[in-house]
Each structure stands twice: as C-alpha cells, then as structure tokens.
Amino acid sequence: LLEMTVADVTRPEDIDLSLNSMERLWAGETRAALIEKFYVRKDGSLVSANLTLSVVRDGSGNPLYFIGAVEDTTERRRAEEALRESEERFRAIFEHAAVGIAQVALDGTWLLDGTWLMVNQQLCSIIGYTQAELLGRTFQEVTIAEDLEASLVGRQMLLAGESEKYALEKRYVRKDGSLVWVHVSFSLVRDASGDPEYFLSVIEDISERKQAEQALVRLATAVEQAGESIVITDTDGTIQYVNPAFERTTGYARDEIIGQNSRLLKSEKQDSAFYRDLWETIKRGDVWTGHFTNRKKDGTLYEEEATISPVRDASGNVVNFVAVKRDVTKEVGLENQLMQAQKMEAVGQLAGGIAHDFNNLLTAVIGYSQLALRNLGDRDPLRADIGEIEKAGLRAAELTGQLLAFSRKQVFQPKNLALNALVTDLQKMLRRLIGEDIELAAVLDLELGTVKADPGQLQQVIMNLIVNARDAMPGGGKLTIETANVDLDSDYAAQHFEVIPGAYCMLAISDNGCGMEEETRSHIFEPFFTTKGLGRGTGLGLSTVYGIVKQSGGYISVSSEPGHGTTFKIYLPRVAELAEEEDLRREPLSLPNGDETLLLVEDEAAVRELAARVLREYGYTVLEASDPSQALRAIDEHSADEIQLLVTDVVMPQMSGRDLAEHLAPLRPDMRVLYVSGYTDRAIVHH
C-alpha cells in the first residue's frame, strides 16, 4: 500500500470525488470531509467505506499531509440496500395490491381511534374516495351502523390478546351513498417493546361474491318454499335432493328418500314402455314432460304433471336430472267429475228423449188395452191376452218413468218436508224389506232442518238405496241410515265440481257389505249399468236415485272399497220454511160426463186418437187437430160460442201450445185453455 497512491485503490468512478474533496481540504475551504466511496481490494473486489479526511498543517498553517480514517461499511450498506429494496417492494405491493390495505390508528392524544393513517389506491377505488379524502377519516365514518359493533368487538379482542387476527364481512358506505360488501382481515402491529402501535387491515371487495351468494340463497329459498315438488337425481335415478313440497306430497321425509331410487314412487299404472321412453328422452339430453300416477308412502295414489330436465357439467356431459312436479290430483278429480257430469247429462238427454217418445207409444198401448178390457166380458177369450199386453205396457211405463227420473224430466211435486219423519215412516217397511239377518240402525239428527223435495220420489230414493245395500250383504250385516245438518263450504265445493256452497241436510245410507272397486264406482249411476246377475235388475235403480237428487237441487256422493262396505251420502239444500203436514187420505175419483165441444190439438196421432176416443166416451164433442194450422182452420169453421175448451199439447212443431192459445185469444176471448204435456212442469213453464 505504501508504494501505491489513493487513486490506485479507489474505484475509478469515485476518484474524482476523492480528489475534489482533497483539493478543497488542501485549499482550506473545509476542515474535514466525509466521503462515501468504494475501494478496490487486492483481489479486485469492491469494499464500501466511509472515509473521514482532514489536513495536518504546520505552525504557519501550511498543509503538510492528509489523515484519513477509513470505516468498512459493506455490511451496513448491504443492510441499508436490503431495507431500501424491501421498502420499495412493500410500497409497490401496498400501492398496486388487488386488495385494499390500510394502517389504522389506535386511540391517541391527537388521533382519533380508527383514523386511517395510510391507505392504498385499491381501498380508495373500493370506497370511492381519494387518498387525501380518506386520510384523517375514521373507518367508523364509512361503516354501516348495523356492522359497526362487530368491528369494534374484533379490535377489542386483538388489543386484549385474545386473538392474533380477526376477520369479518361488513358493508362500507361509498362516497356516492351506495353500499359495498367487503371482507376485512385486520391484525395488531406492535413495536419492539411489544406495545400496540397500529392496526393493519386488508380489505377485499366481495360484492360480486355476495350477490352470487344472495342469488343462491334466493334460489335455495325459492326451491325450498316452492309449491311444486323438486327432485334431483343422478343419472341412474338415485335421489340426491328433494324439497319440502315433495315431502308434503309423498309423505316421505327427506332422510328417508335421499339415496333411494325414484322407482320407489312407481304405482304400476304406467307400463314399461312409458318409462323406457322417459329414460331414452332424458339420457339423450332432451327435456321430458308428462303425467305420472305415483304412490305415496301410505300407499295412496296421486296424480302429478312432471317436467324432467338434464343437468350438464362444464364439459356438456349429463350429470344429473332435475324434476319439477305438480300434484294435480284435485284437478284430475275435478276433470273426471266434469267429464262424468257431461257424460251423465248427454246420456240423460238421450234417455229422456227416448223415454218421451216411448211414453207416447205406451200411452196408446196401455190406453187401448184398457179401453178394450172395458168392452170385453169376463169370459171373453181375448181378455187374458189383452190383460197381458196391459201388464207389459205398465211394466214398460215403470222403466220409462225411471228413465224420465234419471233425465230429470218427470213431473216434480216438491214440498217442504222433514227427512226424519220420512225415514221414520219408512222404517217398518224397510225392516220387512231387508230381512232378519240385517241389523237396521237409524242415527237421526234431532235438530235436522227442512228440505224441499217430492216426498214420493224421495221415498223411492231411500228404497232403491236400501235394496242395493241389502243385496250387497247376502250373508247379513249392518245397515245404517243417518241424517245431519251440514255446511258445504267453498273448499269442499272446489273439490266437488257440482256442489254449490251452502247449508244442506245430509241423508247417508251405509252398509258393511262387499263394497265396490273404483271402476265399478265410476259407472254406478249410468242407466242400465248393473253388477247383478241376469234377470236380477234393470240397472235403473241408482240412475233413478241420481236423477231425483239432481232434480231436487241436491248432490250425491259414494265412497266404497272392496270388503269395506259402501256409503251413499245425499245432500239436499236446507230451507228456512217449516215442513208441511201431508194429508195421506185419498178420496175416490168420480168422473162426470160432459156435453161441451172441445178442440184437441196433439201432434202425436196415437195419443190424439186415444184422448179423443176417451173424451167422446164421456160425452164430449171432440174436434181433432194434428198441428196449430189445423186448429186455426177448425176455429174458422165453427161459430164463436161453439167451442168451449182448447186442449193443446205444449211442445209442438210450427207453433207451441202457448203461442197457439195467444193467437186464438182475440178470436175466441171466452174459450178456456187446458195445457197438456208429457214433459216436466219446468218444460211447461219454459214454453
């Protein structure tokens, strides 16, 4: 070293700095200099050093030489460089982080607890303020009131040493007044002595995640609270999820059904081809829509409409099936009731039309038979033959009457009556009818109201039902007649198509006989349908019951199961009036003769000719007309006072009987009118 100059061991770029400092010291411009420089070591490496340089002078102040003190600063410089680099990295991370970062003050003498000491740009973007606007504010000022308590609790836990880190989700109020969801994780930074210095917070904007979570919550809530059953299965049909609506519909609890195969619900009402088509459709990725008849946990069947959709993963593979199913048991029931009512109405119209036309023919058959019998002696060989014709006609007339009852076209004579009295009057006859091996019990409501119905027809209803009950218990049993006041509300009416809500009197007839299956129950009110053997019934008994109840404004229902008996319930509208006392005495008829002239108008020739013959036998002069035009001609051909009475059918082609009478009224103001019809009183009133 003593053979070398300072320049020889100085890094070249530091030589000028060293020489300049030495020149200023030599010239007396400064007394000492501190130079940071690098020396070149013997091996060529550099060493960082601090050179403290001064000049030694003689007594006259002239410079003699330099004295330099050299301190090796390599390690210190390296530490300072590392610290600088670390600070730069921290600053870069702080400023460019994807999350918000903040230093938050503790309670101090001049700083409020919660004051932001340092914030990065991302936090400013999240909250909508600039750095200058946020610094000096407290986090409490931008935290929504409902979330503030949780933040304060977390800070106290950190200060108390109960936790090293605390995290929560909260909402900040942005500068524009909107809310932003954030996840805040904060910790307590302590100094070298372990004393709390400040809080360091890391804030992440989770608004999108929250929105997604809320959307999922809404979806889950909607699925859980949906009125339709929702089922998710794997591709083999194993159930993975069901919602509460499914539990309510099927009776299976969630933990009972999850893991089971969906075939558990099968009722066997659909064949294998039905299910094969279903699985082929959904496995190829298409949506299937259709109708199921399924079985509940308790074994009862229910109807449901279902839409089954495939669920695909990100690769497009089908991984699940989701079924949305709606219980349509009530709707199907109402639809079946409507179809049954429409069918019964159509059959009733057909039966009524046939019965009416047939009735005209029977009128002639029975009428002429009776006329012939009146003119034959007791020993006349034709008397027995014609008597059989009359009997056959009368039996046919009974069937016709039943058809008219079913079609609600028979003459109806309603009265206010007490059902209990009607049942009580019939009990003696009923006991003889059912035999000794059947127990008859009457459970009558003593407060039963009044109904308006034809007592004779209502007796026929009870008799028919009792006979059916008897036949259902060939080995004996128990038969119960029950009456009660009932109120059928709108909920009941919603499930029974033909019911009008209101107050009713119920008449129920129950047996514990053989019962009926569903298929038989669906046909029992149809004319000529019977389950009895050949020659043991016409199949019109329950049809008659149905027609009478309907004509009375009532409703009839039947419940029955094989081996568990049958119950018929008849509901008749309750009326406010008291029951009428019925006079059962019958006075003998006496038919007087007459000598007046009658104009008889009837389009059915057989009926007209029979009526004319009978009237003539009683002394009347009868002018016949087959239609209104003939009647008008007859009026023109006879004087004003010659015809005393017009006897006319109501329903005729060309002109009704009412129209004919009104047309003749100006021409014959004193002529009386007698309307005659084979239709019911309702039809007469209509015309």
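Modeller: In this predicted model, the largest nonpolar core has 36 residues. Ile-462, Leu-479 and Ile-481 are those with the most contacts inside that core.

Colleague: Which helices and strands supply at least two residues each to this core?

Modeller: The helices are α13 (419–434), α14 (455–471) and α17 (541–551). The strands are β15 (438–443), β16 (450–453), β17 (477–488), β18 (502–511) and β20 (566–575).

Colleague: What is Ile-462 in contact with, leaving aside its neighbours within four places in sequence?

Modeller: Ile-462 is in contact with Leu-422, Val-423, Leu-426 and Leu-430, and also with Leu-507 and Ile-509. Contact here requires heavy atoms within 4.5 Å. A second, separate core has 24 residues, including Ala-102, Cys-124, Leu-158 and Phe-199.

Colleague: What makes Ser-201 a buried residue?

Modeller: Buried means under 20% relative accessible area. Ser-201 has a relative accessibility of 9%, so it counts as buried. Its place is in strand β8 (residues 196–205). Not counting residues up to four places away in sequence, Ser-201 touches Gly-100, Ile-101, Ala-102 and Val-104, together with Val-184, Ser-185 and Phe-186.

Colleague: Why is Thr-73 called buried?

Modeller: The relative accessible area of Thr-73 is 3%, and the cut-off is under 20%; Thr-73 is therefore buried. This residue lies in the loop between β3 (63–72) and α2 (74–96).

Colleague: What does Thr-73 touch, not counting residues up to four places away in sequence?

Modeller: Thr-73 touches Ser-48, Ala-49 and Asn-50. The C-alpha atoms of Thr-73 and Ala-49 are separated by 4.8 Å, although the two are 24 residues apart along the chain.

Colleague: How do you know whether Arg-431 is buried, partly exposed or exposed?

Modeller: Partly exposed covers values between the 20% limit for buried and the 50% limit for exposed. Arg-431 has a relative accessible area of 45%, so it is partly exposed. Arg-431 lies in helix α13. Between Arg-431 and Ile-466, which are 35 residues apart in sequence, the C-alpha to C-alpha distance is 10.0 Å.

Colleague: Why is Glu-268 called exposed?

Modeller: Exposed means over 50%. The relative accessible area of Glu-268 is 61%, so this residue is exposed. Glu-268 lies in the loop between α9 (254–257) and α10 (272–283).

Colleague: What is the phi of Glu-268?

Modeller: Glu-268 has a positive phi of about 70°, although it is not a glycine. Most residues other than glycine have a negative phi.

Colleague: Why are α19 and α20 called roughly parallel?

Modeller: The axes of α19 (residues 628–637) and α20 (residues 657–664) cross at roughly 25° and come within 11 Å. Angles under 35 degrees count as roughly parallel, and α19 and α20 are therefore described in that way. Their crossing is right-handed. Pro-628, Ala-631, Leu-632 and Ile-635 of α19 make the contact with Leu-660, His-663 and Leu-664 of α20.

Colleague: How many helices and strands are there in the protein, and what percentage of its residues is buried?

Modeller: There are 21 helices and 24 strands. Buried residues make up 38% of the 687 residues. Of the contacts with a separation of 6 or more, 58% are between residues 24 or more positions apart. The accessible surface comes to about 39400 Å², and 52% of that belongs to carbon and sulfur atoms.

Note on methods: Residues are numbered from 1 along each chain as its sequence is written. This is a predicted model: local features need pLDDT of at least 70, side-chain atom pairs count only at pLDDT 80 or more; totals for chains, interfaces and linings use all residues. Side-chain values use heavy atoms; hydrogens and water are left out. A nonpolar core is a set of buried Ala, Val, Leu, Ile, Met, Phe, Trp, Tyr and Cys residues joined through side-chain atoms within 4.5 Å. Buried means under 20% relative accessible area, exposed over 50%, partly exposed in between (1.4 Å probe, protein chains only). Helices (H or I, at least four residues) and strands (E, at least two) are DSSP runs, numbered from the N terminus. Accessible areas come from the Shrake-Rupley method with a 1.4 Å probe; for residues, only the protein chains shown count as cover. Axes are lines fitted to C-alpha atoms, for helices over the stretch in contact, and angles run from 0 to 180 degrees between N-to-C directions. Angles under 35 degrees count as roughly parallel, over 145 as roughly antiparallel, 65 to 115 as roughly perpendicular and the rest as oblique. A crossing is left-handed if the near helix is turned anticlockwise from the far one by less than a right angle, and right-handed if clockwise.
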